[in-house]
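Trainee: I would be grateful for a close look at one kind of side-chain contact in this model. Which salt bridges deserve attention, and where do their partners lie?

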Amino acid sequence: MVNKFPKIIFSSSYFLYIILMILILFQISSPQETSQNVLCSSVPFCQRLMYSSESQVPLYFLDNKTIEITGTNKDKNNIFKAIIKHYNQEYISNPIDLEMTIYILKRGIFRVKIKPKNQKKFDLTEDDDIFEMKKTIKNSGIKISFGEKNTIIYYFSKKNRIKYELLINQSLFQLIYKVDNKIIYIINSKNLLDIEKIGKDFIPSENDAMTTIKMDMSIPESILLTGLPGRCGSSILSDTNLNWNYHFYNIDIFKYDYNQYNSIYGSIPYLMSFSYGGTIFSGFYWNNPSETFISLKTLNEEKRLIFLSESGIFDFSFFASLNLQHYYKTLNEYIGPSPIPNIFALGYHQSRFSYEDLNDIKKIDEKFDKYGIPYDSIWLDIDHTEEKKYFTYDIKKYPKEDTKNFFLDLDKKGRKAIVILDPHIKVDSWYPVYYKSKNNFFIKNGDSTDFIGKCWCGDSSFFDFFNKDTINYWKNLIIKNEEYFFSGVNNIHIWNDMNEPSVFKISRNTLPKNTIVKYNNQLYEHREVHNIYGYLMHKASYEALLEKYEGKIRPFILTRSYYIGSHKYSAMWTGDSKSNFESLKNTISMMISLSVSGFSFIGCDIGGFAEEGNINLYKRWYQNGVFYPFFRAHSHESVLRREIWLFSENDFDIIKKAIITRYNLIPYIYTQFYLYYKTGMPIIKPLWFWDKSELALTEFADIEYFFGNGILVRPVLDPAEDRNNEINIFLPENYRWYDFYDLNEIEKNKINKKTEYNINNDKIGAFIKGGEIICKKMRIRRSIKKMKNDPLTIIITLDSNNNSKGIIYFDDEESFDYQKDIYSLLNINYSNKEINFVWEKFEYPEVNNIEKIVIIGENDELLYKNNNIKTKLNLQNKEVELETIKNYENKKIEILRLNKFNITDIRKITLK
Ligand code: NOJ
């Protein structure tokens, strides 16, 4: 007994010691929970300037004498330049003249840049520009009229019969943008345009540099504003208040909550307005990557906005259109199209933070085969590295040769490996990436030493992706790194995480604002450039993979941080969500905001990332994820494993069914990505794109969405809906609707009102819009690549006139040949009981055959009841009768065994 006593003391203190060590370790190796509340009042420049009163008198005027018209075209008139001057030149100690340049672009786009004269301010060079300005510059037809008070720049688009006009009021310094004589934007309408100057007594600090720029804008007659991602809040913008303004400051935010205004990992300062009763759509970009707040007030139907950015220049662009198609075409040309993804990226992705080792992931891979579940990629999170040193493998867990062989095996099954590469680099003099980059490629402190902060690996330095030398070094780490990327292995793609960039144990979880980056041989405070860091990183990764695969394979990059333009290089996901229904619900509004802003390749961790969820949530999340553009399951290291075979047989079956549904839909999804590339039309579309009724704009605005053109989705959003297998739905009028799963038509009395709808364990709310064509592949394979030659099943749903039309897109699914126009496009048209197949383009010959056509909703009773009416295929010189099953009750006609014919021989099928 006596002897035992000290032992107990020893063991309990030992125990305490262990706990302490774990806590210390955990402190170092995990992100702190960021304070989620960034109120304007807690950020000095916002507090100082957001609520300063409107000025009754203008502060600035445009100096007539300085107007200069130059340009890039023959007539040299597509660039307008002038100097803007402060009215009280005599009274302020250091008046700054502002140089304004207006670029006149095609399709009614105008871009305005205003810079303080003789000051060095961050602005991307023409070659690095995030906008496709060089390609959109207007080359003819511009008229400029000079008056005493105003200069008016205008042109008329003959094709679209629209007049675009920018009126520059000189004495008030206002810019008034008009389309067809209707005022769309009034810039500086309340005289708030201003720029802070560093006063004599002011010493800039990390918290405040007194370099803020401010501008206001009015949008008259706007019925709806949307955009401003990334936020976890409604896609429809509501007014701000004293506490809350829309905020842009990319941060690592763990388990974020719903908040209409707060920024999260990425920033796209873009607004879209539906004006004049929804007859004019207008877009506005505020391109400033420093911390930004935007306030919004609605007065009748006028929206008033104030933009505040902590540093940098004014760089804003705007455009407008009379219809959505033209609007998105314009946007697409201006921000550049999102390339069509390598098709594997549309499949199911299996991920976790982190798998144990190579054996673990090998077993996972085998289980997918054992259980007959398709999947397309396995993800290697940070623990595959040696001590979180990126570009290394922990060889005890991932022996090199075995890892390489595993990747090669994956390749044989058409699958890929995705490796994580973060921007923080472990400070370790034995780590080549560190010692080669030290003093050269990292973000600096003010005294030119490398900044060191904490991240996963403890002390870290952070790559300076503004610096071209860093970018080259980073690219070579990908292109020429056979140790990590293995020569002869062509199925590795990249995940860029923590690229806000995230820094642990520091105010606001990111780099101090007074750290220094180098861009174009100039030094800038990080303050001025913060929000574009992630973009520059994933862009470099994309370009590196492109080069590594010699331009033959479409690279796939997933990024957590993003900015305007990110869609051209990367997919994104919504980060560290919680595992609950609330988070699942939030994903919908987040995706809508991103998508309407030009970023469609988006998704969310299926199941939620952090916290233990439950199987009911997981099942519903998988069923919803089928209709996410990017479909990946991922979870935190602390939660129980969630590979689907770990669930009960019944639950397993339900989830497997969902994954298979996704694979069946791949031809449809791929076609939607082609349309997105070609037309800019978002893949996720809000209800209110087409329906401005009360319910579409309120209760259902953020809980229903279109996935592509044809499918309307209403996920299961809370435990009660899940338990009761009942949801409320709203289906816009003027359309016929069909249940996505059983293809039954929805009764008329359920349309255009809030109505209850029964679902079951296997399905959520998903509906096909009548008149659309959904193309599927029904064979189950290991991966999408293995489905390449499988035949198609085509679902033709009819609208109220018994018509339908759609397209199917074909290409080689992984190279860039489609950009050389090597693709095929099949138009399918159903009307008057005839299906016509017309090849709009036939440059890619390896198109798939059709095995089955299902026609839903044909109302002609005789067609079903008269057995003498046969379905016929018109071949060149003969007619062939087709095997058909008709069911009048379900209004369903199935045409079978079409794969005996070559798809190119099928031109017309007649049912009458
Ligand atoms: C944070 C990311 O959001 C999460 O998805 C990832 O698993 C961890 N970083 C570890 O890399």
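**Salt bridges in the predicted model**

Mentor: Lysine 908 and glutamate 834 form a salt bridge through their side chains, with an N to O distance of 3.9 Å. This pair joins distant parts of the chain, for lysine 908 lies in strand β49 (residues 908-910) and glutamate 834 in strand β43 (residues 834-842), 74 residues apart. The model examined here is predicted. Glutamate 834 counts as buried because its relative accessibility is 18%, under the 20% limit. Lysine 908, at 28%, is partly exposed.

A second salt bridge connects the side chains of arginine 782 and aspartate 369, at 3.4 Å from N to O. Here too, distant parts of the chain are linked: arginine 782 belongs to the loop between β39 (773-776) and β40 (792-797), whereas aspartate 369 belongs to helix α5 (residues 358-370), and 413 residues separate the two. Arginine 782 is partly exposed, with a relative accessibility of 41%. Aspartate 369 is also partly exposed, at 23%.

Glutamate 165 is buried, at 8% relative accessibility, while lysine 163 is partly exposed, with a relative accessible area of 27%.

Salt bridges may also be joined into a network, as they are for Glu291, Glu310, Arg508, Lys513, Glu525 and Arg527. Across the whole structure, a search finds 70 salt bridges. As a general principle, side chains of opposite charge can pair when their charged atoms come close.

Definitions and conventions
Residues numbered from 1 in each chain as written. Predicted model: local features only at pLDDT ≥ 70, side-chain atom pairs only at ≥ 80, totals over all residues. Heavy atoms only, no water. Salt bridge = Lys/Arg side-chain N within 4 Å of Asp/Glu carboxyl O. Buried < 20%, exposed > 50% of the residue type's maximum accessible area, 1.4 Å probe, protein only. Helix = DSSP H or I, 4+ residues; strand = E, 2+ residues; numbered from the N terminus.
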